[in-house]
Amino acid sequence: MTTGAQRLVSSNFAALDGQRVGLIANQASLVGPDHVIDLFAAASVVDLVAIFAPEHGVRGKGAAGEELGDTVDLVTGVPILSLYGEFRQPTDEQLANIDVLVYDLQDAGARFYTYISTMGLAMQSAARTNTRFVVLDRPNPVGGVSADGFVLEEKFISFIGQYPVPSAYGLTPGELARAIVSEGWLEGLENLQLDVVELDGWTRNMLWPDTGLAWVPPSSGLASFESSLAYPGTVLFEATELSYGGGTDEPFYRFGAEWADGVRLAQELNAENLPGVVFWPSRFTPRTLARNTSDPRLAGEHLQGVRFEFTDPHQFQSVSTAIYVLAAFQRQAVELGIDNIIDRPEAFDLLAGTRSLRSQLESGASPEEIIGSWAEGNADYLEARRPYLLYE
């Protein structure tokens, strides 16, 4: 399988010959062992004018949510302009000397992962300034067959949810960009010159391990493919009082609390026979880990809960599974006199894309009822996305 960036480099940047380039990239923007920034800077046929940094920065040094300032890339000497600080999209002034804005970020396939918001806002800037926009396509690490979770409702639009798509939406960045333009999900894109350098050899049923590419964490919290596989659903735990495994080697697929009974949780969840996963009781103590978190929730506390073991990643449904786990913890909490495990309700609703999920969990609705309530929206979405698919 060949990424869009690999194809562009192999062509000696033919599609950009003679162009002044602005590049949106980060530490996962690699072609083999080489960073795409270094390859652009060394190419004689293009002029790399500026690098634009998303959340976490260009070389991956920023923490989640940490605002970034403008700086200079120490390797190439090219200016780095932050898209996660004072501005969330390139300004007209920044694009004045740029012919083409190139996007090359490895996405996580989750609606709330901020790189796709950065992409859309940068597309708006490009359209406004008559700047060509090129997406160097990369795989969706969790596949492109199905969708999972609620479709975002309009009143919950934010930087962690820009588009009316499910939590796990099953598109590559290039496919999503095409949908954003044609569906009018952002204003002002009618005249955008959008080009996608397509993947070669990727099919919709491929997960990351099927691509043959090495996993480079697109952000520090997604330290492994397994974390990425679970993330579209279990990110919801960020808005609860529980640990979601931050400060362990298994973020987003290990969960716990001081009061939890992990053995009982595992027994209840395994009785559901959920596809592609089994649950093990887990005892753990979150600690500072420079590679994925410097300030983990419940650091130093001795916790009990469960961890996932993925038995068939192709069958695993991240959001549906997360609903069962949330409901199991919530039931146990209520038995112990804890009214609600969701301690950041506004953030929870933004992640869920709806108020409905929290309402149903709080009212004691079954996981089956909750999952059934998003089925019609997902079916409509899967039909609406068909014209924008680039891969079988």
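Visitor: In what order do the strands of the open sheet stand?
Guide: This is a predicted model, in which local features need pLDDT of at least 70, side-chain atom pairs count only at pLDDT 80 or more, and totals for chains, interfaces and linings use all residues. Residues are numbered from 1 along each chain as its sequence is written, and side-chain values use heavy atoms, with hydrogens and water left out. Strands (E, at least two residues) and helices (H or I, at least four) are DSSP runs numbered from the N terminus, and two strands pair if DSSP finds at least two bridges between them. With mixed pairing, 7 strands form the open sheet in the order E5-E6-E4-E1-E7-E8-E9.

Visitor: Which strands stand at the edges?
Guide: An edge strand here has a single partner strand, so one side of it is left without a neighbour in the sheet. That describes strand E5 (71-72) and strand E9 (194-197).

Visitor: Which residue in E6 is the bridge partner of valine 72?
Guide: E5 and strand E6 (residues 79-82) run antiparallel and are joined by 2 bridges. Within E6, valine 72 has as its bridge partner proline 79.

Visitor: Is asparagine 140 buried or exposed?
Guide: Asparagine 140 sits in the loop between strand E8 (132-136) and helix H5 (173-183). Buried means under 20% relative accessible area, exposed over 50%, and partly exposed in between (1.4 Å probe, protein chains only). Because its relative accessibility is 1%, asparagine 140 counts as buried.
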